Amino acid sequence: MPRPARPFRFGASLLLPGPASEWRARCRRAGELGYDVILVPDHLGMVAPFPALVAAAGATERPRLGTFVVNASFWNPVLLAREVTTTAALTGGRLELGLGTGYVQSEHETAGLPYGSPGERVTHLRRTVEELKRALDAEEDTHVPLMIGGNGERMLQLAAEHADIAAFAGARLVPGSTTGKLAPVAATELAERVARYLESAKGRAEKAELNLLVQMVIVTEDREEAVRPLLERVPGLTTEQALELPILLVGTLDEITAQVLAQRERYGFSYLTVLEPYMEAFAPVVAALAGR
């Protein structure tokens, strides 16, 4: 028998710093709109993740709180473990920890930190995961679900071994970019990456939740016109290909809701994250699919 679909969860990634009152209001708004998780990134120029989540915990009661995702290359694993265990305690056990290798070379240069090769960054992330597990295992009554995001073979294997949530960006770094410029991954390629992850994780007793980061939400009656600006930015991308991109939700609210359901059926994505600029636009879909 086919495995029942995992119920939907929805996260909102809040990006920009601001005064305390403004930050708390934005967090409360995410909760009011029905988002299950309030998330923060780990990029220079954006909020510092752990104090931002502690503040979010003080402003809300229901949503869980997560990093999306911690740039492991910014952190010493032991010091990161201290941040995580403290934040887990101060947020009342609502913390979910997302981890990635980091992909913006210029941020590392600004911070005076080594960027390293992709292989070196994955190796560092593995050491970080192992240290975090040791630290969390030592804390009684502390459970922090672990999300690992990535597309490469070693990252998929790491997620298959350790992640409670496997995250897929649906985009990859443009070769040679030092500023983190991303290009979308075609629907067929994303399906192959998910299949590769599932093959690596098939021996797990408890299956991980699958997450997708949605890059854009456009509510419109004219889908083709809405994606035209994207075609100008991505050479070689056709209108048909753009409308098939899993990271782009475009159409009427009914069409977007149907797209989300179809993606869960095709890929297994039951946990979707939207960026803050699209939080309001996507909220009716959150309401329509809550608990389903």
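Before I start, one definition: two strands pair if DSSP finds at least two bridges between them, and please keep in mind that what we are looking at is a predicted model.

Let me begin with strand β13, residues 269-275, where 7 of the 7 residues are buried, so that this strand is largely enclosed by the rest of the structure. Strand β1, residues 9-13, runs parallel to β13 and is joined to it by 5 bridges, with F10 standing opposite L272 of β13. Strand β10, residues 209-214, also runs parallel to β13, again through 5 bridges, and here L213 has T273 of β13 as its bridge partner.

Now to the charges, where the count comes to 16 salt bridges. One of them links E96 with R9, the closest N and O atoms being 2.8 Å apart; because E96 lies in strand β5 and R9 in strand β1, the pair ties together parts that are 87 residues apart in sequence. E96 is buried, at a relative accessible area of 6%, and R9 is buried as well, at 16%. These two residues belong to a network of salt bridges that also takes in R64 and E209.

A further salt bridge, between R228 and E225, has an N to O distance of 3.1 Å, and there R228 is partly exposed, with a relative accessible area of 42%, while E225 is partly exposed at 41%.

Definitions and conventions
Residues are numbered from 1 along each chain as its sequence is written. This is a predicted model: local features need pLDDT of at least 70, side-chain atom pairs count only at pLDDT 80 or more; totals for chains, interfaces and linings use all residues. Side-chain values use heavy atoms; hydrogens and water are left out. Buried means under 20% relative accessible area, exposed over 50%, partly exposed in between (1.4 Å probe, protein chains only). Helices (H or I, at least four residues) and strands (E, at least two) are DSSP runs, numbered from the N terminus. A salt bridge is a side-chain nitrogen of Lys or Arg within 4 Å of a carboxyl oxygen of Asp or Glu.
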